Amino acid sequence: MKTHTRVVVIGGGVVGCSVLYHLTKLGWSDVMLIERSELTSGSTWHAAGGFHTLNGDTNMAALQGYTIRLYKELEAITGMSCGLHHVGGITLADNQERFDQLVAERAKHRYMGLDTEILGPEEIKKFTSGMVNLEGIVGALYDPLDGHLDPSGTTHAYAKAARMGGAEIVLHNRVLETNPTAEGWEVVTEKGTVYCEHLVNAGGLWAREIGAMAGVYLPLLPMAHQYLVTDDIPEIMDILKSGNEFPHVMDPGGESYLRQEGRGLCIGFYEKPCEPWSLDGTPWNFGHELLNEQFDKIEDSVNFAYRRFPVLERTGVKRVIHGPFTFAPDGNPLIGPVQGLKNYWSACAVMAGFSQGGGMGLALAQWMIEGEVERDPRGFDVSRFGTWTTPGYTVPKVIENYQMRFSVGYPNEERPAARPFRTTPMYDTNTALNAVWGQQYGLEVVNYYALPGEPTYEEPTFKRSNAWEATRQEVMAVREGVGINELQNFGKYIVKGANARAWLDKIMAGNIPKVGRLSLTPMLAHSGKIIGDFTVSCLSETEFQLTASYGAQGWHYRWFEQNAMDGVTVENVSDARSGFQIAGPNARELLARVTRSDVSGAAFKFMDVKRMTVGMANCIVQRVSYTADLGYEIFCDHMSVRHLWDTLNAAGADLGLRPFGMRAMMSLRLDKWFGSWGREFSPDYTPCETGLDRFIRWNKDADWIGKAAAMAEKASGPKRKLVSFIVDAKDADVVAWEPIWLEGAVVGFCTSGGFSHFTGKSVAQGFLPADKVQDGLECEIEILGERRKAVVQLAPLFDADGARMRG
């Protein structure tokens with residue numbers, strides 16, 4: 001074993017071996033994997049080995065597609081067999097809502113290059129040789145890429161391909177310590193010490209223990225999972241004799257997945273009475289053991305499976321596989337650089353290793369070598385859980401995710417486990433006002449305020465919900481009087497120091513404002529893609545306030561750390577600074593009543609920022625509003641929030657003051673076609689594509705990050721452009737990812753949409769080919785399987801000349 005290497009990967013499961021292989025594939029050969037036992041020890045060896053592309057996150061689905069296509073490449077490179085069986089997969093829908101979900105997923109696949117199709121009951125019968133009881137089945141989604149493989153053979157193929165690329169693999173060598181050094185990491189093992197530049201935690205069941213060695217808490221938990229393998233089944237033997245194989249069948253209604261195993265079947269369950277395993281840590285001596293059989297916890301699931309697949313009831317069970325594998329709170333992997341630690345990388349919680357392992361290995365290798373990922377990684381980025389998670393949060397969220405793995409996923413759904421956890425001083429006040437709560441980055445955020453007599457719960461649906469009328473009234477209160485909304489769900493940062501302006505000029509692509517002014521600016525990766533859209537407020541030549549998405553704190557602060565500059569400090573004050581925005585035609589009058597400062601239009605112009613006293617609170621007040629109306633953002637420290645609320649609430653009683661939530665906010669911003677982080681603006685898109693290029697300061701002297709790539713795109717022009725639409729919708733509006741049809745072909749997709757309550761129109765935003773964009777262009781947008789007429793509308797629906805917002 002050598003003592004110095006560029007990368008050490010800890011963990012020899014399928015994910016660790018995939019990371020190792022992809023590092024060599026992308027050009028790093030001085031890499032090493034250290035495994036405490038044999039390759040596949042942990043959860044890999046007892047995995048069911050199924051793979052599929054279906055995932056609600058389009059980037060995850062695409063990377064799963066990459067994973068599946070990679071297996072034949074591995075076989076060709078190594079000469080080893082992965083035991084591939086591309087039998088195709090069928091996901092059943094036993095009610096209309098589940099079928100709507102599958103239809104929506106099929107629509108996404110149209111522009112993702114995935115060749116899936118919707119099946120009716122008769123087609124399901126044909127695909128499954130009549131072995132599925134179709135009672136109650138509405139339809140299904142078929143994916144020809146789905147199948148299963150040999151977990152051990154596939155993992156060893158990754159390992160051999162990595163060795164062929166120069167990697168070293170050291171077995172039977174437990175890691176004892178990981179210590180940071182000036183150059184990277186010291187990895188102390190049973191066989192000696194290795195010094196490396198980069199350290200990858202692919203510890204699987206032991207990822208928590210490996211993380212703890214570096215002082216890192218990774219929010220993941222092993223769950224005990226059980227599947228059964230049957231005796232030989234005559235019907236399966238008949239299918240084999242005909243030269244065919246039985247497909248994968250996922251039955252979400254029965255919480256089960258089913259596939260062929262030899263001459264029988266393999267069926268696994270995501271049962272409600274599930275079992276978290278090894279809550280306080282995985283024993284180091286665990287590895288190739290299985291857990292004791294527990295038929296009692298899957299009894300109801302088995303009985304349901306007997307009804308759905310009657311052949312099972314006539315078949316004996318050959319063996320039971322009951323073993324643990326790891327989940328993050330939302331079921332997605334934890335991949336990427338860990339905030340606060342130089343060159344420490346997470347490759348954990350990849351619970352669907354043979355669907356996702358290849359894509360996650362590729363993503364992490366790109367991140368390490370190229371500095372960013374080809375696709376937007378936020379769905380699997382370890383930073384999405386920040387530093388606020390604890391085992392007390394992780395355990396109930398993982399249990400909830402396991403239990404609901406096959407549940408219908410609604411776009412407006414708010415799952416309840418581990419809530420409320422993080423709240424602001426306004427939580428009790430808002431609850432008393434009938435707040436219906438959502439959650440962002442662990443924080444409780446008001447979605448809307450239920451009307452008197454209505455439940456404080458939004459029904460999950462693909463269509464317009466019971467929040468409709470309350471949201472409409474909140475929107476109209478803003479447009480006709482004045483609305484108030486808490487500013488807790490902004491990420492907020494204080495940048496100080498003699499070099500603060502120089503640092504901001506480098507890290508932001510836009511103008512850095514003068515004292516007393518603010519600006520809007522994109523923050524770009526080196527590739528020119530968008531990694532943030534910020535408001536920059538200049539409080540003095542050596543102090544600035546930045547505001548952006550609350551949910552992107554981990555992502556953004558990590559980027560600030562990675563691009564630190566001497567003479568500059570950046571403090572995350574997202575949870576220490578809050579306040580309210582007020583917006584609407586009466587907003588100025590309300591502010592004038594609660595401060596002695598001059599807030600007239602002449603003294604306090606659009607995009608101004610001032611320190612002022614509001615009531616008794618010292619505040620930072622900005623003349624800007626995401627509602628596209630006349631508005632102000634009033635920031636104060638958390639100790640003053642309740643006082644600020646009382647002051648504004650009392651002064652606005654006769655001005656029509658009404659609190660509004662995020663449902664109304666999303667409707668209001670669409671009136672002006674304002675984009676939203678994670679929807680219109682993300683690491684998948686560029687400024688020229690989205691219109692954020694209008695905020696770039698192209699001629700500033702600083703060599704800002706992403707400048708070369710952005711300048712190149714500006715010169716050549718983008719191939720697609722973000723545009724807005726008026727949609728002839730019925731009872732369901734655009735959410736995101738719906739395909740856009742033009743002249744009988746899919747030419748783009750939607751980024752977001754909803755209902756403009758102010759104009760009474762269903763609206764959407766999305767991408768079209770740049771050469772097709774023209775005002776009034778008629779297209780179609782596919783909503784829940786139905787193509788609805790959509791007309792391009794470039795002018796804003798509200799305040800088109802900006803007179804209200806700037807007045």
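**Helix 5 and selected residues**

The buried residues of helix 5 are covered by elements that include helix 1 (14-25), helix 2 (58-78), strand 8 (168-170) and helix 9 (353-370). The model is predicted: local features need pLDDT of at least 70 and side-chain atom pairs count only at pLDDT 80 or more, while totals for chains, interfaces and linings use all residues. Residues are numbered from 1 along each chain as its sequence is written, and side-chain values use heavy atoms, with hydrogens and water left out. Helices (H or I, at least four residues) and strands (E, at least two) are DSSP runs, numbered from the N terminus.

**Helix 5: extent and ends**

- Helix 5 covers residues 151-164, which is 14 residues, and spans 20 Å from its first C-alpha to its last. This is close to the 20 Å expected at 1.5 Å a residue, where the expected span is 1.5 Å times one less than the number of residues.
- The N-terminal end of helix 5 is capped by D150, with a side-chain oxygen 3.2 Å from the backbone nitrogen of S152. A polar contact is a pair of N or O atoms within 3.5 Å; within protein, one must be able to donate a hydrogen and the other to accept it, and residues adjacent in sequence count only if both atoms are side-chain atoms.
- Just after helix 5, G166 has a positive phi of about 110°.

- The buried residues of helix 5 are P151, G153, T154, T155, A157, Y158, A159, A161 and A162. Buried means under 20% relative accessible area, exposed over 50%, and partly exposed in between (1.4 Å probe, protein chains only).
- Two packed helices are described by the angle between their axes and the distance between the axes.
- The axes of helix 5 and helix 9 come within 12 Å and cross at roughly 10°. Helix 5 is therefore roughly parallel to helix 9. Axes are lines fitted to C-alpha atoms, for helices over the stretch in contact, and angles run from 0 to 180 degrees between N-to-C directions. Angles under 35 degrees count as roughly parallel, over 145 as roughly antiparallel, 65 to 115 as roughly perpendicular and the rest as oblique.
- P151, T154, T155 and Y158 of helix 5 make the contact with F354, G357 and G358 of helix 9, where contact means heavy atoms within 4.5 Å.
- By class, this contact of helix 5 with helix 9 has three nonpolar, four polar and no charged residues. Ala, Val, Leu, Ile, Met, Phe, Trp, Tyr, Cys and Pro count as nonpolar, Asp, Glu, Lys and Arg as charged, and the others, Gly among them, as polar.

**Residues in loops**

- V373 is placed in the loop between helix 9 and helix 10 (391-403). V373 counts as buried because its relative accessibility is 9%.
- Leaving aside neighbours within four places in sequence, V373 is in contact with A363, Q366 and W367. V373 and P683 are 310 residues apart in sequence, yet their C-alpha atoms are 8.8 Å apart in space.
- T282 belongs to the loop between strand 16 (275-276) and helix 8 (299-308), and counts as buried at 3% relative accessibility.
- N466 lies in the loop between strand 21 (443-449) and helix 12 (468-480). With a relative accessible area of 28%, N466 is partly exposed.
- The side chain of N466 reaches the backbone oxygen of Y457 at 2.9 Å, and a polar atom of that N466 side chain lies 2.8 Å from the backbone nitrogen of E459.

**T189 in strand 10**

- T189 is found in strand 10 (residues 185-189) and counts as buried at 5% relative accessibility.
- The C-alpha atoms of T189 and I34 are separated by 8.8 Å, although the two residues are 155 residues apart along the chain.
- Polar atoms of the T189 side chain lie 3.1 Å from the backbone nitrogen of K191 and 2.6 Å from the backbone oxygen of G192.

**Helices 13 and 14**

- In helix 13 (residues 500-507), the buried residues are A500, W503, L504, D505 and I507. The elements they pack against include strand 23 (490-496), strand 25 (530-540) and helix 14.
- H556 lies in helix 14 (residues 553-562) and is buried, with a relative accessible area of 1%.
- Leaving aside neighbours within four places in sequence, H556 is in contact with residues including Y493, F534 and W677.
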